[in-house]
Structure formats: C-alpha cells, structure tokens
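Q: Could you walk me through reading ring pairs and a helix crossing?

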Amino acid sequence: PKTDIVFLKVHKSASSTVMNILFRFGETHNLTFAFPIGGGNQLFYPQHFLARFVQGFSPRRPRRFNILCHHMRFLQPEVQKVVSLSAVYFSILRNPVQLMESSFVYYKGTSAFSRAHSLEEFLRHPYLYYDPASKDSHYARNLMTFDFGFNPNGEVSAKRVQLMLEAIEASFDLLLISEYFDESMVLLKEMLCWDLDSVVSFPLNSRDSSTKSPLPDTIVEKIKNWNRLDWEIYSHFNRTFWERIDRDIGRERMQQEVTALRERQAELARICLQGTGSVAPKDIKDSSLRPLQHGSAKILGYNLKQGLDAETERMCRRLVTPELQYSSALYKKQFPKKHP
C-alpha cells in the first residue's frame with residue numbers, strides 16, 4: 001500500500017469525505033500528517049501553500065510527512081519540500097454548476113454573496129457584487145481554478161486553458177469526480193494498492209436537501225459562463241476519468257467493484273448507525289460528532305448505535321467523526337504537549 005500522499009482538497013467537492021478516508025488510513029498505519037501550524041484546519045488558505053505553514057517543518061532539517069491533505073492553494077515546489085518525491089498526488093472535482101450553487105449557500109457571508117438575495121440575482125449582474133480584489137472573492141468564481149493555484153479571473157483563451165490542463169496533468173496522478181464518488185474510490189483504491197475497507201466511507205459535511213433546489217437551464221448556462229475556467233477543467237478531467245476506467249479496469253469490473261463497495265458501506269451502516277443514515281444537526285446526540293455549521297447550510301451528521309463493543313465502537317466512530325474534530329485529535333496525537 002502506498003503511504004506518501006498529497007490530496008488537494010478542493011472546496012465543496014465531497015473532499016471532507018475523502019479526508020476522513022485519509023485520516024483513518026493514516027491513523028491505522030501510524031503515518032504522519034503535514035498539519036497547519038498550531039493545528040488549524042487550513043494551510044493559511046487562501047495564500048499559496050508554503051512549506052513553512054506546516055507544523056514541524058524546518059528548512060535546516062527538512063522533514064518529510066506522509067500525508068498532506070488540509071485545505072491549501074496548490075504550489076508544487078513548496079509541497080515537494082514537505083513530502084517524499086515519490087508521493088502520489090490526487091484531487092477531486094465537482095460539476096461547477098452544483099459547486100457554485102453549494103458555495104453560494106455555504107459562503108453566503110462572503111463579500112461577493114452577502115448582498116445578493118439569490119444566486120439568480122448575483123448572476124444577473126455579477127460585477128455589482130463581485131470585486132476580484134477582495135480577499136474572499138475566490139469563493140464566488142472559478143473556485144477549483146483558484147485551489148489549483150491559477151488565476152480565477154484570467155482570460156479564457158484556448159492556449160491558456162491548454163497550459164492550465166497540462167500543468168494539472170503534470171502534477172497530479174489522478175483526478176476524481178465527486179458525481180461518481182464510488183467509481184472514484186475504486187480508482188483510488190487501485191492506484192494506492194489499498195483494500196476495500198480503507199476506501200469505504202459515509203458522506204461527511206453534506207448539507208440537508210431542504211436548502212437545495214433544482215436550477216433552471218438559463219441559470220445553468222450563466223454559471224458555466226461565469227466559471228468558464230472551472231468548466232474547462234471539469235469537462236476535460238471528467239472525460240479522462242472514464243478513459244482511465246476503460247483502460248485500466250473496464251466497465252464490467254468497475255460495476256462489480258462499485259457493488260462490493262456499496263454492499264460493504266450498507267453493512268457498516270447497519271453495524272454502526274442508529275437509523276440508516278445521516279440526521280439533522282439538532283438530532284445528533286453526541287456533541288463530539290456534530291459537524292461545524294456554516295453559512296445558511298444545515299450540515300448533517302450521524303448517531304452511533306449504543307452498546308457496541310470497544311473495537312467496533314472505535315471503528316464506527318472514526319467513520320463518522322467530522323473533519324475538524326478528527327484533525328484536532330490526530331494533531332494532539334502527533335504533537336503531544338510536553339509536560340514540564
């Protein structure tokens with residue numbers, strides 16, 4: 001199994017669920033994480049990543065960490081200072097239409113979105129609300145482009161798009177697609193030589209469907225145009241994703257693998273969870289399992305069954321622990337406070 005990994009955690013793209021998979025694998029195999037200084041949950045995002053943002057990094061005695069997976073704005077030469085040169089790089093993408101709809105709800109407090117009553121209103125006259133110079137403007141346009149380290153307000157020329165896609169292809173070994181999450185996990189499992197249980201997960205940081213509504217076609221087109229760079233990235237890598245499946249696995253075996261993954265997930269849900277799935281934040285009984293609530297989104301969580309034996313309880317708890325709580329627990333384990 002591969003243990004040196006860089007995951008570029010792209011916002012609002014099922015990346016918290018992927019992070020939980022990496023946390024669990026790292027914890028089980030005693031791997032080290034490149035944590036933000038002081039144990040925060042972002043590597044000084046939205047600045048471009050620098051090695052000195054990592055707790056325990058020193059330029060005089062460079063230290064390599066196994067897993068880098070906290071939110072960052074990608075800058076590979078700096079990333080290479082904190083991970084092994086043989087590390088596997090991967091990220092996950094989401095359809096920019098759903099991504100923008102999700103960002104609008106989740107980042108409602110940002111300068112670009114706070115004054116617009118609806119996404120429709122924002123898209124009608126984006127420049128009434130959007131100022132590229134404001135420090136949180138990246139949430140409102142080409143967010144994936146920004147996370148990959150590029151200029152989200154750059155011109156959309158064929159040449160520029162091509163250079164951007166080539167740069168991403170040169171840096172990353174695999175780009176997953178959140179709309180095909182299970183297929184993505186199968187590809188990831190194959191690439192990392194992991195077993196099935198290592199990539200089984202429950203969806204984390206997902207929001208209650210009461211705040212979701214289908215978008216009319218006119219809005220969809222406006223979102224694509226406003227996020228044209230993101231759309232180019234997504235379209236290209238959605239295509240290469242399926243080409244890779246055809247080349248490396250084949251559709252038939254992929255279907256079998258996905259079925260096995262879903263069956264195992266259903267089995268774990270029966271073992272671990274009260275009820276069959278996620279619940280609203282107000283219904284989560286154990287406060288340590290309550291995810292951070294953000295913007296006007298309602299972020300769902302889980303209740304564990306009572307009376308599980310210690311080992312099962314530990315396994316189940318890992319599967320449903322929200323990102324911030326899990327990150328903080330692993331940080332304390334990796335950097336224990338030295339008592340005088």
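Predicted model: local features only at pLDDT ≥ 70, side-chain atom pairs only at ≥ 80, totals over all residues.

Q: How many aromatic pairs does a search of the whole structure find?
A: A pair of aromatic rings is described by the distance of the centres and the angle of the planes. Rings of Phe, Tyr and Trp (its six-membered ring) pair if their centres lie within 6.5 Å; planes under 30 degrees apart count as stacked, over 60 as edge-to-face and the rest as tilted. Here the search of the whole structure gives 30 aromatic pairs. One of them joins Phe122 and Trp226 edge-to-face, with 5.9 Å centre to centre and 80° between the planes. Phe122 belongs to helix α4 (residues 119-124) and Trp226 to helix α10 (residues 217-226), 104 residues apart; helices are DSSP runs of H or I with at least four residues, strands are E runs of at least two, and both are numbered from the N terminus.

Q: Is Phe122 buried or exposed?
A: Buried means under 20% relative accessible area, exposed over 50%, and partly exposed in between (1.4 Å probe, protein chains only). Phe122 has 0%, so this residue is buried, and Trp226 is buried too, at 7%.

Q: Which residues form one aromatic cluster?
A: Phe104, Phe113, Phe122, Tyr127, Tyr129, Tyr130 and Trp226 do.

Q: Which residue lies over the face of Trp226?
A: A charge sits over a ring if NZ of Lys or CZ of Arg is within 6 Å of the ring centre and within 35 degrees of the ring normal. For Trp226 the residue is Arg141, at 3.9 Å from the ring centre. Likewise, the charged end of Arg73 sits over the ring of Phe146, 3.7 Å from its centre.

Q: At what angle do the axes of helices α12 and α13 cross?
A: Axes are lines fitted to C-alpha atoms, for helices over the stretch in contact, and angles run from 0 to 180 degrees between N-to-C directions. Helix α12 (residues 251-272) and helix α13 (residues 310-320) have axes that cross at roughly 115° and come within 10 Å. Contact, meaning heavy atoms within 4.5 Å, involves Leu268, Ile271 and Cys272 of α12 with Thr312, Met315, Cys316 and Leu319 of α13.

Conventions. Residues numbered from 1 in each chain as written. Heavy atoms only, no water.
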